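Please examine the sequence and the three-dimensional structure shown below. The report that follows describes the fold step by step.

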Amino acid sequence: MAASARDCIFCKIVRREVPASIVRDDSSTLAFMDFRPMNPGHVLVIPKAHAAYVEDLPPEAVGPILEAAREISRAMRMSGIRCEAVTFYLANGTEAGQEVFHVHLHLIPRWRGDAFGLRVRADYGRIADRTELDGFAVKIRAALGRSPD
Ligand SMILES: [Zn+2]
């Protein structure tokens, strides 16, 4: 369920109407600590403009999210927080695990043996045949040229 910018919890954080532990703030993005961390030190990077899904973002809002994440990821490793690596995770839609419908990129501190992971299908590891891969590529290439319904 998409929320309007008025009711959106992340827009409220951008407007400082609800508290958050801010990590980084620039003209188009805001980064803050996830209050329900998947690992301690978990950061969220959001565009300041409200958009439920990545594909709803204006093109100029997309790049700054990853630029902010790049700086924060480096800082997380140097911060003293337990962080040997960083998982970048973006759930784009309910079935992908999205719970707040304002685009957000998770930066999750990782270390060997942290027991964090993505659950994969039972057949993961199977090597797809070229015909199957080409078939998917054809469909996505064709859709790249189409405007949304
Ligand atoms: Zn929002």
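## The last helix

Helix 3, residues 130-144, contains 15 residues and spans 21 Å from its first C-alpha to its last, close to the 21 Å expected at 1.5 Å a residue. This helix is hardly covered, since the count of buried residues among its 15 residues is zero. The description rests on a predicted model.

## Overall plan

The chain holds three helices and five strands. Read from the N terminus on, its elements follow the order α-β-β-β-α-β-β-α. The C-alpha atoms fill a box of roughly 50 × 40 × 25 Å, taken along the principal axes.

Of the 149 residues of the chain, 19% count as buried. Among contacts with a separation of 6 or more, 58% are between residues 24 or more positions apart.

The five strands build an open sheet in the order 1-2-3-5-4, with antiparallel pairing. Strand 1 (22-25) and strand 4 (85-89) are the edge strands, and each of them pairs on one side only. On average, neighbouring strands of this sheet are turned by 20° against each other, direction ignored. As a general rule, the strands of a sheet pair through backbone hydrogen bonds, either parallel or antiparallel.

The pairings can be followed across the sheet. Strand 2 and strand 3 run antiparallel and are joined by five bridges; Leu-30 has Ile-46 of strand 3 as its bridge partner. Three bridges join strand 3 to strand 5, again in antiparallel fashion, and here Val-45 stands opposite Leu-105 in strand 5. Strand 4 and strand 5, also antiparallel, are joined by five bridges, with Ala-85 opposite Arg-110 in strand 5.

## Helix 2 against the sheet

Helix 2 lies across strand 1, strand 2, strand 3, strand 4 and strand 5, and runs at about 160° to strand 3. Which residues of helix 2 are buried? They are Ile-65, Ala-68, Ala-69, Ile-72, Ser-73 and Met-76. Seen down the axis of helix 2, these buried residues fall within an arc of 145°, so they line one face of the helix. The buried residues of helix 2 pack against strand 1, strand 2, strand 3, strand 4 and strand 5.

On the other side of helix 2, the residues Pro-59, Glu-60, Gly-63, Arg-74 and Met-78 are exposed. Just after helix 2 comes Gly-80, which takes a positive phi of about 95°.

## The nonpolar core

The largest nonpolar core has 20 residues, of which Ala-31, Val-43, Val-45, Ala-69, Ile-72 and Leu-107 touch the most other members. Helix 1 (9-14), strand 2 (29-33), strand 3 (43-47), helix 2 (59-78) and strand 5 (105-110) each supply at least two residues of this core. The largest share, five residues, comes from helix 2.

Ala-31 illustrates how these elements meet. Leaving aside neighbours within four places in sequence, Ala-31 is in contact with Val-23, Arg-24, Val-43, Leu-44, Val-45, Ala-68 and Ile-72.

## Loops and positive phi angles

Arg-16 has a positive phi of about 60° although it is not a glycine. Arg-16 belongs to the loop between helix 1 and strand 1. Is Arg-16 buried or exposed? Arg-16 is exposed, because 10 other C-beta atoms lie within 10 Å, and a residue counts as exposed at 12 or fewer. Ala-115, which is not a glycine either, has a positive phi near 70°. Ala-115 is found in the loop between strand 5 and helix 3, and it counts as exposed because it has 5 C-beta neighbours inside 10 Å.

The loop between strand 4 and strand 5 contains Gly-93. With 12 C-beta neighbours inside 10 Å, Gly-93 also counts as exposed. Apart from its neighbours within four places in sequence, Gly-93 is in contact with Tyr-53 and Gln-98. The C-alpha atoms of Gly-93 and Glu-71 are separated by 26 Å, and the two residues are 22 residues apart along the chain.

Note on methods:
Residues numbered from 1 in each chain as written. Predicted model: local features only at pLDDT ≥ 70, side-chain atom pairs only at ≥ 80, totals over all residues. Helix = DSSP H or I, 4+ residues; strand = E, 2+ residues; numbered from the N terminus. Expected span 1.5 Å × (residues − 1). Core = buried A, V, L, I, M, F, W, Y, C linked by C-beta atoms within 7 Å. Contact = placed C-beta atoms within 7 Å. Pairing = 2+ DSSP bridges. Axes fitted to C-alpha atoms, helices over the stretch in contact; angles between N-to-C directions. Arc of directions from axis to C-beta.
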